[in-house]
Every structure is written in C-alpha cells, then in structure tokens.
Number of protein chains: 2
Amino acid sequence: MAFQNEADLPPSLTCLKNVDALLRCPICFDFVSIAMMTKCSHNFCSLCIRKCLSFKLQCPVCNSSTTEQDLRNNRILDDLVTSFQSTRQQLSKVSFDSPPRSPFT
Amino acid sequence: MAFQNEADLPPSLTCLKNVDALLRCPICFDFVSIAMMTKCSHNFCSLCIRKCLSFKLQCPVCNSSTTEQDLRNNRILDDLVTSFQSTRQQLSKVSFDSPPRSPFT
Ligand SMILES: [Zn+2]
Ligand SMILES: [Zn+2]
Ligand SMILES: [Zn+2]
Ligand SMILES: [Zn+2]
C-alpha cells in the first residue's frame, strides 16, 4: 500500500479512523478495490470475494448463501476511497504544525 | 439538517467536500438516509427513490429501467454518513485555532 496507515496519522486525525475502517475490505484489510456488494449488503474487493466464492458459496462476513451472480458493483465506494485518500493527505499537511506525538501515548 | 453545511467549513476542511458530496442523495441533496442502490449502482434515500419510481420506472441519474424490486440496501453508506458527520464535527474543533476565513476568498 502506497499510503501511510492509520498508526501514522497525527493525533488530530485519529477521528478519520472510523471512516478509514469502513472503506477497507474485510478479506484483505486494504482499501476496497473494485468494490462489489453482496445481497446481504456486505462489500469486498472484486478479486477477494470472487476468490472466496470459488471455495464456498457464502458471504465471508455473515455466511448468507451468495453466488457470483448476486454481486453488484458498489462504485460509490471506489469513489469514496479515492476522495478519502486525498482528504487524508491534505489533512496531514494541515496538521503538520501540531506537536509531534509521543510513541507511548 | 442539524449539521452545518459545507459553506460553514473552515478553509482547512474544504478538503472534506468531495467525500461530503459523495454521501449526498442526488434527489434531495441531503446526506442519504437508508441508502438504497439500484442495479446501475446509483444510490438514493429509500424514501426519495421509492417516490421517484412510483412515477417512472427509471433511475433518476442514468435513466436505466429500475423497479423497487431491483433496489438493494447499501448499509455501508449509512454507516459512512454517521462516521463522516462525527469526523467533520471533531475536525471543526481541531481547526478552531486556524485564522477566520474572509467572506470574499
Ligand atoms: Zn480485498
Ligand atoms: Zn453478508
Ligand atoms: Zn434523498
Ligand atoms: Zn442509474
């Protein structure tokens, strides 16, 4: 991942961590890439969920029965990932003047 | 809307505006409430899209033919709206010390 992870965020940006977590794939934990949504409303990278379904026709989050045909592109998540990464980068610069964080807090 | 709108964001938070825009319903322009996704991957408030479809069985964004049965809950958008609002509120406090914005810039 080219991007800094959450642990690198300055303290003033820890408030981004909930949004950050929602934009990650529950299989690979990276930001979703080509987001696909199941009927049960769970989201994964296209490659991650297809690989999973090739072993077991179940949603990896809730175990609902799921097939490849049930998957639907969730394009807004891809757009949100792009915008969120740019937001995070801009906010990191803004908060550059905040005091350095102690590694032990 | 109980929340401050984008125009009220301090300059250091204008970088939130793309994420903000993505979380809004293209019908009512408020943050999506009970997000529903069409087959064509467009998202609306549940009430807004159902009202629309009662007049015309088309997606209001791209005109693809759409029925109520095609709608799927996009729950992650509801969660993102909640987290984003809290992020925005926290960041507004953080940036409280930034200089006041001139109304003409
Ligand atoms: Zn993944
Ligand atoms: Zn599921
Ligand atoms: Zn709406
Ligand atoms: Zn559409």
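In the predicted model, B:H42 has a relative accessibility of 23% and therefore counts as partly exposed, since this class lies between the cut-offs of 20% for buried and 50% for exposed. B:H42 contributes its ND1 atom to the zinc ion (ligand 4), which is also coordinated by the SG atoms of B:C40, B:C59 and B:C62, at 2.1 to 2.4 Å. B:H42 lies in the loop between β1 (35-37) and β2 (43-45) of chain B, and B:C62 in the loop between α2 (46-53) and β3 (72-73); the pair, 20 residues apart, links distant parts of the chain. B:C62 has a relative accessible area of 33% and is partly exposed.

Around the zinc ion (ligand 4), the arrangement is tetrahedral because the four donor atoms subtend angles of 102 to 114°. For four tetrahedral donors, the ideal angle at a metal is 109.5 degrees. Along the chain, the donors of this zinc ion (ligand 4) have the spacing C-x1-H-x16-C-x2-C.

A:H42 is placed in the loop between β1 (35-37) and β2 (43-45) and A:C62 in the loop between α2 (46-55) and β3 (72-73) of chain A, so the pair ties together parts 20 residues apart in sequence. A:H42 is partly exposed, at 23% relative accessibility, and A:C62 is partly exposed, with a relative accessible area of 32%.

How values were computed. Residues are numbered from 1 along each chain as its sequence is written. Chains are lettered from A and ligands numbered from 1 in the order in which they are written. This is a predicted model: local features need pLDDT of at least 70, side-chain atom pairs count only at pLDDT 80 or more; totals for chains, interfaces and linings use all residues. Side-chain values use heavy atoms; hydrogens and water are left out. Donors are N, O and S atoms within 2.8 Å of the metal (3.2 Å for Na, K and Ca); water is not among the atoms, so sites may look incomplete. Four donors count as tetrahedral if all angles lie between 85 and 135 degrees; four count as square planar and six as octahedral if opposite donors are over 155 degrees apart and all others between 65 and 115; anything else is irregular. Helices (H or I, at least four residues) and strands (E, at least two) are DSSP runs, numbered from the N terminus. Buried means under 20% relative accessible area, exposed over 50%, partly exposed in between (1.4 Å probe, protein chains only).
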